[in-house]
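This briefing concerns the side-chain contacts and the pocket of one protein model. Please examine the sequence and the structure before reading the points below.

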Amino acid sequence: MMNIARETAWVACVLMLTTSSAYAETRVSAGVIGAFSPQVYKDTDTDPLVVPTVNVETDHFYFRGLTAGARLAPKGSTHNLVLSATYDPRRFDPADTDDPQLSQLDKRDASIVAALAYQYHSPIGRFQAAVGEGVTHDRDGVYGEVSWKYGFNHPRWGVSPEVGYAYNSHELNKHLYGVSATEASRVSGIEEYEPGSAGHYFVGASGYFMLTERIQLLGGVRYTNLDDEIANSPMVDQSTAASGYLGVNYIFM
């Protein structure tokens, strides 16, 4: 599976390079975004993340912050296939937790996820089904997602509600939320835990507001509800979480 993911990422990069130069209509912007996404792990602090962003959008190619992708058909087509590479920030660092047991567990690193998505644009919104896999050597397992999104657009503002379900395979959940027999044997008071395949439901909305012709304010919120296979992990202390981001962009073209 890891070889397939790496080949998918390579193909995506080739498509991005070959399509980005072929289309004159390009939208370029840059700015800064502040994001907050609380950790589901016990007694683990989450610091807000502030990052500069560069965004490029054409009919067949996009680069948005920590995500890049290539579309088979032009943007907005009724049916489309999209290859993408996205930074998945989900990780666990025992140095970040105040829990005496979790602080002795192994580190779980973030990853780059290569994914393939099918999109169907209808009068009632965009339906999407995606499947992906981490391309780093220590991240096994498959990630999947189905979602619906609808955009309410005005010349100066837009709001897009979204609902969906994200799936983690058994191997991915084991990496993120499992406790191995080796860990359980060396850490007193914590038991081995091997979650099965499971995921989370989510509902959210994103939007933008044009402060001027060039300056754009953007933001979004998301609420997630974890399946029991994840919520019952001895590493996890909450089954729901709310995250959000706020940023500003300057549109060059």
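One aromatic cluster is formed by Tyr41, Phe92 and Tyr177. The model is a predicted one. The structure contains seven aromatic pairs and 10 salt bridges.

**Aromatic pairs**

- A pair of aromatic rings is described by two quantities, the distance of the centres and the angle of the planes.
- The structure holds seven such pairs. In one of them, the ring centres of tyrosine 41 and tyrosine 177 are 5.9 Å apart and the planes stand at 40 degrees, so this pair is classed as tilted. The reasoning rests on the cut-offs, because planes under 30 degrees apart count as stacked and those over 60 as edge-to-face, with the rest tilted.
- Tyrosine 41 belongs to the loop between strand S1 (27–36) and strand S2 (49–57), while tyrosine 177 belongs to helix H2 (residues 170–177); the pair therefore ties together parts that are 136 residues apart in sequence.
- Tyrosine 41 and tyrosine 177 are both buried.
- Tryptophan 148 and tyrosine 150 make a stacked pair, with 15 degrees between the planes and 6.5 Å from centre to centre.
- Tryptophan 148 has a relative accessibility of 26% and therefore counts as partly exposed. Tyrosine 150 is likewise partly exposed, because its relative accessible area is 28%. Both classes follow from the cut-offs, because partly exposed lies between buried, under 20%, and exposed, over 50%.

**Charges over rings**

- Arginine 64 places its charged end over the ring of tyrosine 62, at 4.1 Å from the ring centre.
- Phenylalanine 202 has arginine 222 over its face, and the distance to the ring centre is 3.9 Å.

**Salt bridges**

- Among the 10 salt bridges is the one between the side chains of glutamate 57 and arginine 64, with an N to O distance of 3.2 Å.
- Glutamate 57 is buried because its relative accessible area is 12%, whereas arginine 64, at 40%, is partly exposed.
- Aspartate 88 and arginine 90 form another salt bridge, in which the closest N and O atoms are 3.0 Å apart. Here aspartate 88, with 9% relative accessibility, counts as buried, and arginine 90, with a relative accessible area of 21%, is partly exposed.
- A further salt bridge joins arginine 91 and aspartate 96, the closest N and O atoms being 3.6 Å apart. Aspartate 96 counts as partly exposed at 30% relative accessibility, as does arginine 91 at 32%.
- Through shared partners, salt bridges join Glu57, Arg64, Arg71 and Lys75 into one network.

**The second largest pocket**

- Rolling a probe the size of a water molecule over the atoms shows where empty space is left.
- The second largest pocket has a volume of about 230 Å³.
- Its lining consists of 13 residues, and those nearest the centre of the pocket are Arg108, Lys174, His175, Gly178 and Ser180.
- Two elements, H2 and helix H3 (181–186), each give two or more residues to this lining. The largest share, three residues, comes from H2.

**Two loop residues**

- Valine 179 has its place in the loop between H2 and H3. Valine 179 is buried because its relative accessible area is 3%.
- Valine 179 and glutamine 39 are 140 residues apart along the chain, and 17 Å separates their C-alpha atoms.
- Most residues other than glycine have a negative phi. Aspartate 43, although not a glycine, has a positive phi of about 50 degrees.
- Aspartate 43 is located in the loop between S1 and S2, and tyrosine 41 lies in the loop between strand S1 (27–36) and strand S2 (49–57) as well. Aspartate 43 is partly exposed, with a relative accessible area of 44%, whereas tyrosine 41 is buried.

Methods
Residues are numbered from 1 along each chain as its sequence is written. This is a predicted model: local features need pLDDT of at least 70, side-chain atom pairs count only at pLDDT 80 or more; totals for chains, interfaces and linings use all residues. Side-chain values use heavy atoms; hydrogens and water are left out. Rings of Phe, Tyr and Trp (its six-membered ring) pair if their centres lie within 6.5 Å; planes under 30 degrees apart count as stacked, over 60 as edge-to-face and the rest as tilted. Helices (H or I, at least four residues) and strands (E, at least two) are DSSP runs, numbered from the N terminus. Buried means under 20% relative accessible area, exposed over 50%, partly exposed in between (1.4 Å probe, protein chains only). A charge sits over a ring if NZ of Lys or CZ of Arg is within 6 Å of the ring centre and within 35 degrees of the ring normal. A salt bridge is a side-chain nitrogen of Lys or Arg within 4 Å of a carboxyl oxygen of Asp or Glu. On a 1 Å grid over the protein atoms alone, a cavity is a set of points where a 1.4 Å probe fits but cannot get out, and a pocket is an open set with protein on both sides within 12 Å along at least five of seven lines; lining residues have an atom within 4 Å of a point. Grid points are joined across faces, edges and corners, and a volume is the space filled by probe spheres set on the points.
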